[in-house]
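I opened my notebook for this one and went through the fold piece by piece. Here is what I looked up, in the order I looked it up.

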Amino acid sequence: MVPTQMFLTRGVGVHKEKLTSFEEALRSAGIAYCNLVTVSSIFPPDCKIIPRKRGEQLLNPGEITFCVMARSDTDERNRLISASIGLAIPSGRKVNYGYLSEHHGYGETDEEAGEYTEDLAAQMLATTLGIKFDPNVAWKEREQVFKMGKDIVRTQNITQSAIGKPNLWTTVVACAVFIPLENITEDPKPRHKKSK
């Protein structure tokens with residue numbers, strides 16, 4: 001069986017209409033041409049993370065595409081918004097599942113939102129693995145505890161932030177996009193092209 005594939009992407013959109021702002025953010029993220037269905041937070045065993053460009057080439061316009069999505073929008077001048085997806089991958093990833101987390105924030109930089117989602121994903125994974133940790137300790141310290149125990153081998157995030165503009169809607173998205181299994185082949189060359 002071919003393993004699941006996933007890519008991470010992000011985008012920002014600005015428009016006078018809220019819905020169009022969201023559409024522009026999805027275009028910026030390269031996934032506006034799919035019918036997106038949001039799912040919860042499991043990173044499948046043996047899932048391969050592929051580059052965004054490769055992932056976009058494996059999607060077909062109009063097809064049902066599953067993703068974990070974080071979205072935030074504002075029409076307030078100078079309001080800082082962020083959307084972030086965090087990922088925690090366990091050791092033995094061929095048979096063990098990991099976690100994805102999503103966060104939609106206000107007043108947080110890319111770094112702050114990204115660290116928060118990595119921390120969330122790592123905490124969810126740690127609790128399923130029975131790893132003891134102090135939730136009151138800063139993420140950087142907990143990250144070292146998790147990784148030294150060799151149960152959680154990698155964490156990462158993808159985050160998009162933006163500052164609201166006057167009289168316009170601003171939307172940010174961050175997504176983990178799953179490639180439909182029927183689109184995955186052993187052939188490394190792109191099979192599908194989206195229209196411009």
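**Entry 1: a bridge to start from.** Which residue in E5 is the bridge partner of valine 37? I looked it up, and the partner is phenylalanine 66. I kept in mind that I am reading a predicted model. E2 and E5 run parallel and are joined by 4 bridges.

**Entry 2: phenylalanine 66 again.** I stayed with phenylalanine 66, which lies in strand E5.

Entry 3: Next I traced the open sheet of 5 strands and wrote down its order as E2-E5-E9-E1-E4, with mixed pairing. Strands E2 (35-38) and E4 (48-49) stand at the edges with a single partner strand each, so one side of each has no neighbour in the sheet. I then turned to strand E9 (residues 169-178), where 9 of the 10 residues are buried. With strand E1 (residues 5-15), E9 pairs in the antiparallel sense over 10 bridges; valine 14 has threonine 170 as its bridge partner in E9. With strand E5 (residues 64-74), E9 is also antiparallel, over 8 bridges, and I noted that serine 72 is bridged to valine 172 in E9. Which helix lies across E1, E2, E5 and E9? I found helix H1 (residues 18-29) there, running at about 140 degrees to E1.

**Entry 4: the other sheet.** I found 4 strands in an open sheet with antiparallel pairing, in the order E3-E7-E6-E8. Strand E3 (42-43) and strand E8 (152-163) are its edges, each with a single partner strand, so one side of each is left without a neighbour in the sheet. E3 is joined to strand E7 (residues 98-106) by 2 antiparallel bridges, and phenylalanine 43 has glycine 98 as its bridge partner in E7. Helix H3 (residues 110-129) lies across strand E6 (80-90), E7 and E8, at about 145 degrees to E8.

**Entry 5: charged pairs.** How many salt bridges does the structure hold? I count 7. One of them joins the side chains of aspartate 73 and lysine 18, at 3.9 Å from N to O. Aspartate 73 sits in strand E5 and lysine 18 in helix H1, so this pair ties together parts that are 55 residues apart in sequence. I checked the cover too: aspartate 73 counts as buried at 15% relative accessibility, whereas lysine 18 is partly exposed at 36%.

Arginine 79 forms a salt bridge with glutamate 76, the closest N and O atoms being 2.9 Å apart. Salt bridges that share partners also join Lys18, Arg71 and Asp73 into one network.

**Entry 6: whole-protein numbers.** Buried residues make up 45% of its 196 residues. Among contacts between residues at least 6 apart in sequence, 76% join residues at least 24 apart. I noted an accessible surface of about 10100 Å², 52% of which belongs to carbon and sulfur atoms.

Note on methods. Residues are numbered from 1 along each chain as its sequence is written. This is a predicted model: local features need pLDDT of at least 70, side-chain atom pairs count only at pLDDT 80 or more; totals for chains, interfaces and linings use all residues. Side-chain values use heavy atoms; hydrogens and water are left out. Buried means under 20% relative accessible area, exposed over 50%, partly exposed in between (1.4 Å probe, protein chains only). Two strands pair if DSSP finds at least two bridges between them. Contact means heavy atoms within 4.5 Å. Axes are lines fitted to C-alpha atoms, for helices over the stretch in contact, and angles run from 0 to 180 degrees between N-to-C directions. Accessible areas come from the Shrake-Rupley method with a 1.4 Å probe; for residues, only the protein chains shown count as cover. A salt bridge is a side-chain nitrogen of Lys or Arg within 4 Å of a carboxyl oxygen of Asp or Glu.
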